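Subject: Handing over the structure

Dear colleague,

I am passing this structure on to you, and I would be glad if you could look through it slowly, with the viewer open beside this message. My notes on what was found follow below.

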Amino acid sequence: MFCRIVNGEIPSRRVFEDDTIVAFADVAPQAPTHVLVVPRRHVASLDDLHDPALAGRLLTVAAGLASTLGLGGGYRVVVNTGPDGGQTVSHLHLHILGGRQMNWPPG
Ligand code: 5GP
């Protein structure tokens, strides 16, 4: 489904894009700031990410976005993976959550 967001078939509020990565606002935000960072090419989950360069790029973009989105006080990056991990969309995505105090354990 995120392939359709990446190629523009499904509208989204984009906050970043380059040749390999797109980031957009989550449709059901769980924090004042909730952005999803996804690779343009289809990677089903973290278990399928066999590309250290892309992994590094995803994390670097996430950190840069946290800064530009004003999350200087801190934020959380989450990668739900597989059924037990709570993954509901089979296209790798990093959640950036911020703008409120995060709790631990996450539940
Ligand atoms: P997961 O549960 O797989 O870790 O996260 C999937 C996320 O995608 C959820 O936070 C959900 O709100 C978000 N989401 C699902 N469908 C859409 C959509 O069509 N557009 C946007 N922007 N976010 C979506």
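Ser45 is buried, because its relative accessible area is 9%, and a residue counts as buried when that value is under 20%. Please keep in mind, here and in everything that follows, that this is a predicted model. A polar atom of the Ser45 side chain lies 3.1 Å from the backbone nitrogen of Asp47.

Ala44 is found in that loop too, between strand 3 and helix 2, but Ala44 counts as partly exposed, because its relative accessibility is 28%, a value that falls between the limits of 20% and 50%. In space, the C-alpha atom of Ala44 is 9.4 Å from that of Thr81, although 37 residues separate the two in sequence.

Is His91 buried or exposed? His91 is buried, since its relative accessible area is 0%, and its place is in the loop between strand 4 (75-78) and strand 5. The side chain of His91 is joined to the side chain of His42 by a polar contact of 3.3 Å.

For a contrast, you may turn to Glu17, which is placed in strand 1, residues 14-17. Glu17 counts as partly exposed because its relative accessibility is 45%. Glu17 and Gly73 are 56 residues apart along the chain, and their C-alpha atoms are separated by 24 Å.

The next part concerns the ligand. Which residues are the closest to the ligand? The ligand is surrounded by 17 residues, and the closest are Ala25, Asp26, Asn80, Thr88 and His95. Sorted by kind, the residues of this shell are nine nonpolar, seven polar and one charged.

An N or O atom in the side chain of Asn80 is 2.8 Å from an oxygen atom of the ligand, whereas Thr88 uses a backbone N or O atom, which lies 2.7 Å from a ligand oxygen. Val89 likewise has a backbone N or O atom that lies 3.0 Å from an oxygen atom of the ligand. Of the 520 Å² of accessible area that the ligand has on its own, the protein covers 82%. The space that the ligand takes is the largest pocket, and the elements that give two or more residues to the shell around the ligand are helix 1 (2-6), strand 2 (21-25) and strand 3 (33-39).

Trp104 and Pro105 are joined by a cis peptide bond, with omega at about 0°, and Pro105 has its place in the segment after strand 5, which covers residues 94-98.

With kind regards

Definitions and conventions. Residues numbered from 1 in each chain as written. Predicted model: local features only at pLDDT ≥ 70, side-chain atom pairs only at ≥ 80, totals over all residues. Heavy atoms only, no water. Near = heavy atom within 4 Å. Polar contact = N/O pair within 3.5 Å; in protein donor to acceptor, adjacent residues only side chain to side chain. Areas by Shrake-Rupley, 256 points an atom, 1.4 Å probe, with all protein chains shown as cover. 1 Å grid on protein atoms, 1.4 Å probe; cavity = no way out; pocket = protein on both sides within 12 Å on 5 of 7 lines; lining within 4 Å. Sits in = over half its atoms within 2 Å of the grid points. Helix = DSSP H or I, 4+ residues; strand = E, 2+ residues; numbered from the N terminus. Nonpolar A, V, L, I, M, F, W, Y, C, P; charged D, E, K, R; others polar. Buried < 20%, exposed > 50% of the residue type's maximum accessible area, 1.4 Å probe, protein only.
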